[in-house]
Amino acid sequence: MAIHLPFAKLSHWHQIAFSAALLERMLPNYQMFSEAADFGNAKVLRNQLDIIWQWLDNSNTVKINSDAQLLKLEAETPDPEAFDSFGVFPALDACMAFSALWQLMQVKPSKKQKTAEIDIDDIQSISRLSHNSVSYYVELLLLEEVEESADEELTITAEQMDEHPLMQWEKDTQNELFDFLKFAAADKRTCKLAKQMSLSEGLSNLGIEIV
């Protein structure tokens, strides 16, 4: 089941912090694919995420050319039709989430903007892409279990998907990040804590060890 959070309650700064924290959990999936498939440069994406954290730390002095960063990202984005491994899909999800985050960075929020007027398309996309990476991986894991059981009548249910530990962890992480950021100050300490929350287990959202 998809994750639906009231993102309009987050300011523009807090939406970017939430998105950056999720990308910390998605980036290792890209790195593993990049090394296995000999495609792309994960350091480019790592540098982009570091730039975003720097902007969050001091948005008044850090100036970013988002269009230039999007061009760099495009060169590192894999074509799923060119690869036959599962890893290309979470890698593509990470790139698409980065693209949505750069678009979010380009938004110029109005101080008088009402909650109902806040555009949440980009942060919703990032939330959904992170969730979809996990959902697709969990489905593959459950399919393997079905094949190993040799029971042709076994099917994968939505309940099984939702109850899988990785799915539960993804939902819990997004909910906890949202609840924390909803009342947190827009400062360096909040960045540090949000990043710590997303990396607390030392694993990507697919359970891949972060090295």
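Me: What makes the contact between the side chains of Lys 171 and Asp 162 a salt bridge?

Reply: This is a predicted model, in which local features need pLDDT of at least 70 and side-chain atom pairs count only at pLDDT 80 or more, while totals for chains, interfaces and linings use all residues. Residues are numbered from 1 along each chain as its sequence is written, and side-chain values use heavy atoms, with hydrogens and water left out. A salt bridge is a side-chain nitrogen of Lys or Arg within 4 Å of a carboxyl oxygen of Asp or Glu. For Lys 171 and Asp 162 the N to O distance is 3.1 Å, so the pair meets the definition.

Me: Are Lys 171 and Asp 162 buried or exposed?

Reply: Both are buried. The term means under 20% relative accessible area, whereas exposed means over 50% and partly exposed lies in between (1.4 Å probe, protein chains only).

Me: How many salt bridges does this rule give?

Reply: The count comes to five.

Me: Why is the pair Glu 24 and Lys 195 said to tie together parts of the chain that are 171 residues apart in sequence?

Reply: Glu 24 lies in helix H1 (residues 12-37) and Lys 195 in helix H8 (residues 188-199), so their pairing joins parts separated by 171 residues. The closest N and O atoms of Glu 24 and Lys 195 are 3.9 Å apart, which is within the 4 Å cut-off. Helices here are DSSP runs (H or I, at least four residues), numbered from the N terminus.

Me: How do the accessibilities of Glu 24 and Lys 195 decide their labels?

Reply: Glu 24 has 4% relative accessibility and therefore counts as buried. Lys 195, with a relative accessible area of 28%, is partly exposed.

Me: What separates Arg 46 and Asp 50 along helix H2?

Reply: They are four residues apart in H2 (residues 42-57), which means a separation of about one helical turn. Arg 46 forms a salt bridge with Asp 50, the closest N and O atoms being 2.9 Å apart. Arg 46 is partly exposed at 26%, and Asp 50 is partly exposed at 28%. Arg 46 and Asp 50 also belong to a network of salt bridges that includes Glu 24 and Lys 195.

Me: Why are the buried residues of helix H3 placed on the same side?

Reply: The buried residues of H3 (residues 66-76) are Ser 66, Gln 69, Leu 73 and Glu 76. They cover an arc of only 70° around the axis, so they lie on the same side of H3. That arc is taken from the directions from the helix axis to the C-beta atoms. The face turned away from the buried side carries the exposed residues Leu 71, Glu 74 and Ala 75.

Me: Which residues form a negative surface patch?

Reply: Glu 144, Glu 145, Glu 147 and Glu 148 form it. Patch residues have over 30% relative accessible area and no salt bridge, with like charges joined within 9 Å, and Asp and Glu count as negative. Glu 148, in helix H5 (residues 121-149), is exposed, with a relative accessible area of 66%.

Me: What is noted about phi of Asp 38?

Reply: Phi is near 55°, a positive value in a residue other than glycine. Asp 38 lies in the loop between H1 and H2. Its relative accessible area is 73%, so Asp 38 is called exposed.

Note on methods. Patch = residues over 30% accessible without salt bridge, like charges linked within 9 Å, V, L, I, M, F, W, Y side chains within 5 Å. Areas by Shrake-Rupley, 256 points an atom, 1.4 Å probe, with all protein chains shown as cover. Charge placed at Lys NZ, Arg CZ, Asp CG, Glu CD. Helix = DSSP H or I, 4+ residues; strand = E, 2+ residues; numbered from the N terminus.
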